[in-house]
Amino acid sequence: MAAISLHKINKTYDDKNVVVPSIDLEIKDKEFIILVGPSGCGKSTTLRMIAGLEDISSGELFIGGKLVNDVPSKDRDIAMVFQNYALYPHMTVYQNMAFGLELRKVDRDIIEQKVQEAAEILDISHLLNRKPKALSGGQRQRVALGRAMVRDPEVFLLDEPLSNLDAKLRGTMRAEISKLHKRLNSTFIYVTHDQVEAMTMADRIVVMKDGIIQQVDTPQELYDNPANIFVAGFIGAPQMNFISAKLTLDGSDFQLSALGKTLTLPSRFSSQILDAQLNEELVLGIRPEDIYVKAPKDVDENLITPMEFEVDLAEPMGSEVHLSLTCKGHKMVAKITSRLDAKVGDKLTLYIDMTHAHLFNEKTTQSLMHL
């Protein structure tokens, strides 16, 4: 069992620089969990504390039910894959993969078997006699993965392992690492700032900001029900549009005023939720893909509102067009999936679909659905 528990984990440098204030996190056995967030949010520091490469200032860390705060890294049954691969340049691929086992004085026949098995799985058998300088970035990454695999660890820790690869190779390696997780049946903890990696690979995602966990959930749930404005803006590309809004009551009907229009709210916002927000400043969140050139026919027409926009920038992406727009002084982005020949300065009537709209309290930044 390789379940991991972080109880009030804190990391402070020099008794004053708090990097991770206090983290509580439960990672399930054999789960693929990804820590994501902007640079400096504490995700790599958290990973390094789990690995034993950084001391824990306070709190408790359990791996497989065992308290490991004072257990050396080499005795934690973990293997780590680094951003820069950390291969020994003077050693061959075989020697790099075998080195950790040789230090443990594992029998040579077993080392040979493990290295050959890992090399076959990663399709690097033909590279075993080469040195790292003769390898591409993707091949070096496979060697780093192979070096971790031969140890048969309960936990794999991966720190931005694909950040040095080009876009096409990152896509290939994402798929390879996902397949590897299923094949090895181990716990994977993966750090990245790339939300595409997080959304496509993780069982659950941990979104972090300033050393604090903002939300932990499945990729789809994070996208559909972000807990606050930060998560809503971080998950999704292009990011969600945020618009100042005011909630009013017309008789017994709640109305939302934004962009100079009165917008109908979807039924998931109950009167109990809305009633508590009547005197609060709100932020309306609309994802770029919920803005259309034509009103969709399969959506409640009460939730569709036409708006006048001016085009600030049009970015053709092949199968879609990203439009930077202005409406009533608000900057917005639309992701139009139909072919559209739009130019800077064009005036367009586009349709906002409120079906998947989000509402946030401006002061607390919390989603109304998470209050």
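Visitor: What makes the crossing of H2 and H4 right-handed?

Guide: A crossing is right-handed if the near helix is turned clockwise from the far one by less than a right angle, and left-handed if anticlockwise. The crossing of H2 and H4 is right-handed by that rule. The model is predicted, so local features need pLDDT of at least 70 and side-chain atom pairs pLDDT 80 or more, while totals for chains, interfaces and linings use all residues. Residues are numbered from 1 along each chain as its sequence is written, and side-chain values use heavy atoms, with hydrogens and water left out.

Visitor: Why is H2 called roughly parallel to H4?

Guide: Helix H2 (residues 93-103) and helix H4 (residues 137-149) pack at about 30°, with their axes 8 Å apart. Angles under 35 degrees count as roughly parallel, over 145 as roughly antiparallel, 65 to 115 as roughly perpendicular and the rest as oblique. H2 is therefore roughly parallel to H4. Axes are lines fitted to C-alpha atoms over the stretch in contact, with angles from 0 to 180 degrees between N-to-C directions. Helices (H or I, at least four residues) and strands (E, at least two) are DSSP runs, numbered from the N terminus.

Visitor: Which residues of H2 and H4 meet?

Guide: Val93, Asn96 and Met97 in H2 meet Val143, Gly146 and Arg147 in H4, where contact means heavy atoms within 4.5 Å.

Visitor: How many aromatic pairs does the structure hold, and why is that of Phe32 and Tyr190 called tilted?

Guide: There are six aromatic pairs. The ring centres of Phe32 and Tyr190 lie 5.9 Å apart and the planes are at 40°, so this pair is tilted. Rings of Phe, Tyr and Trp (its six-membered ring) pair if their centres lie within 6.5 Å, and planes under 30 degrees apart count as stacked, over 60 as edge-to-face and the rest as tilted. Phe32 belongs to strand S3 (residues 32-36) and Tyr190 to strand S8 (residues 187-192), 158 residues apart.

Visitor: How do you know that Phe32 is buried?

Guide: Buried means under 20% relative accessible area, exposed over 50%, and partly exposed in between (1.4 Å probe, protein chains only). Phe32 has 1%, so Phe32 is buried. Tyr190, at 0%, is also buried.

Visitor: What makes the pair of Phe230 and Phe234 stacked?

Guide: The centres of these two rings are 5.8 Å apart and their planes are at 20°, so the pair is stacked. Both residues lie in helix H8 (residues 229-234), four residues apart.

Visitor: What makes helix H1 mostly covered?

Guide: Seven of the nine residues of H1 (residues 43-51) are buried, among them Leu47, Met49 and Ile50.
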